[in-house]
Amino acid sequence: MILSQINAIFDACPDMVIAHRDGKILYVNQAILRKLASSSDHRSPLGRPVLDFLHPEDSAIAQERITQLYREDTLDLPPIDLRLLAANGDSIDVEITAYRV
């Protein structure tokens with residue numbers, strides 16, 4: 001019950017939300033599905049590597065931040081500007097904030 005209520009809150013959020021563990025996507029909200037989707041790509045992002053959705057030039061910094069978040073005794077990292085890749089190959093400028101839960 002609680003999980004479905006939390007999902008409903010995130011799905012109603014206009015900001016894009018991705019949750020991942022060990023680099024594999026566990027959850028995405030509707031906002032990110034709308035931004036990344038294409039009519040020809042119906043594959044779910046769940047279970048796929050989070051780095052698959054980042055611009056190749058931003059993958060190394062994103063991987064370093066993931067590593068940093070789990071290596072250090074911190075619960076969050078400051079925002080950073082990166083680019084996501086839509087299914088059609090377009091870059092989407094985003095500000096990413098990381099929280100360890």
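Good morning. The model is predicted, so local features need pLDDT of at least 70 and side-chain atom pairs count only at pLDDT 80 or more, while totals for chains, interfaces and linings use all residues. Residues are numbered from 1 along each chain as its sequence is written, and side-chain values use heavy atoms, with hydrogens and water left out.

Ile-6 has a relative accessibility of 36% and therefore counts as partly exposed: buried means under 20% relative accessible area, exposed means over 50%, and partly exposed lies in between, with a 1.4 Å probe and protein chains only. Together with Ile-2, Leu-3 and Phe-10, Ile-6 forms a nonpolar patch on the surface, with about 380 Å² of accessible area in total. A patch is built from residues with over 30% relative accessible area and no salt bridge; like charges are joined within 9 Å, and nonpolar side chains (Val, Leu, Ile, Met, Phe, Trp, Tyr) within 5 Å. Areas are computed by the Shrake-Rupley method with a 1.4 Å probe, and for residues only the protein chains shown count as cover.

Let us turn to the whole chain. It has 3 helices and 4 strands, arranged along the sequence as α-β-β-α-α-β-β. The radius of gyration is 14 Å, close to the 13 Å that the globule rule gives for 101 residues, so the chain is as compact as a globular protein of that length. That radius is taken over C-alpha atoms, and the rule is 2.2 Å times the number of residues to the power 0.38. Of the 101 residues, 30% are buried.

Next, the salt bridges. Side chains of opposite charge can pair when their charged atoms come close. The criterion is a side-chain nitrogen of Lys or Arg within 4 Å of a carboxyl oxygen of Asp or Glu. How many salt bridges does the structure hold? There are 3.

Arg-83 and Glu-57 meet in one, at 3.3 Å from N to O. This pair links distant parts of the chain, 26 residues apart: Arg-83 in strand β3 (residues 76–85) and Glu-57 in the loop between α2 and α3. Arg-83 also meets Asp-58 in a salt bridge, at 3.0 Å from N to O; here the partners are 25 residues apart. Glu-64 and Arg-71 form a salt bridge as well, their closest N and O atoms lying 3.3 Å apart. Through shared partners, Glu-57, Asp-58 and Arg-83 are joined into one network.

Is Asp-58 buried or exposed? Asp-58 is buried, because its relative accessible area is 9%. Glu-57, by contrast, is exposed at 61%, and Arg-83 is partly exposed at 22%. A polar atom of the Asp-58 side chain also lies 2.7 Å from the backbone nitrogen of Arg-83. Leaving aside neighbours within four places in sequence, Asp-58 is in contact with Leu-82 and Arg-83, where contact means heavy atoms within 4.5 Å.

Finally, a detail of the backbone. Asp-22, in the loop between β1 (18–21) and β2 (24–28), has a positive phi of about 55° although it is not a glycine. Asp-22 is exposed, with a relative accessible area of 71%. Thank you.

How values were computed. Polar contact = N/O pair within 3.5 Å; in protein donor to acceptor, adjacent residues only side chain to side chain. Helix = DSSP H or I, 4+ residues; strand = E, 2+ residues; numbered from the N terminus.
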